[in-house]
Amino acid sequence: MTEIDGFAMRPRWRPGINAFDWYDEGYRIVGELRSRFPDVHVKPEFAQYVFSVNERREAWGLRRSAFRTNPRPGT
């Protein structure tokens, strides 16, 4: 991926890089860390830089999040 300034944006993947493979490898590493350090809460924060919140929610079978700027009465 190209270098990004900070952690506030999703990476821009170079041609030929498979973001899904990178994501899977990240979860493999998280699983290994969790098994080595069972008393430590290892969070897969990297995931937000590969897929959006709604993409991850859909993968888990959940509804997409919608943020309303002008909430309507009764909703």
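**Reading a surface patch and an aromatic cluster**

Mentor: Ile-29, Leu-33, Phe-37 and Val-40 make a nonpolar surface patch of about 330 Å². A patch of this kind takes Val, Leu, Ile, Met, Phe, Trp or Tyr side chains joined within 5 Å, from residues with over 30% relative accessible area and no salt bridge (a side-chain nitrogen of Lys or Arg within 4 Å of a carboxyl oxygen of Asp or Glu), and accessible areas come from the Shrake-Rupley method with a 1.4 Å probe. This is a predicted model, in which local features need pLDDT of at least 70 and side-chain atom pairs count only at pLDDT 80 or more. Residues are numbered from 1 along each chain, and side-chain values use heavy atoms.

Trainee: How is a pair of aromatic rings described?

Mentor: Such a pair is described by the distance of the centres and the angle of the planes. Rings of Phe, Tyr and Trp (its six-membered ring) pair if their centres lie within 6.5 Å, with planes under 30 degrees apart counted as stacked, over 60 as edge-to-face and the rest as tilted. The whole structure has 4 aromatic pairs; one of them is edge-to-face, with Trp-22 and Phe-46 at 5.9 Å centre to centre and 80 degrees between the planes.

Trainee: Which parts does this pair tie together?

Mentor: Trp-22 lies in helix α1 and Phe-46 in the loop between α1 and α2, so the pair ties together parts that are 24 residues apart in sequence. Phe-46 is buried at 17%.

Key. Patch = residues over 30% accessible without salt bridge, like charges linked within 9 Å, V, L, I, M, F, W, Y side chains within 5 Å. Helix = DSSP H or I, 4+ residues; strand = E, 2+ residues; numbered from the N terminus. Buried < 20%, exposed > 50% of the residue type's maximum accessible area, 1.4 Å probe, protein only.
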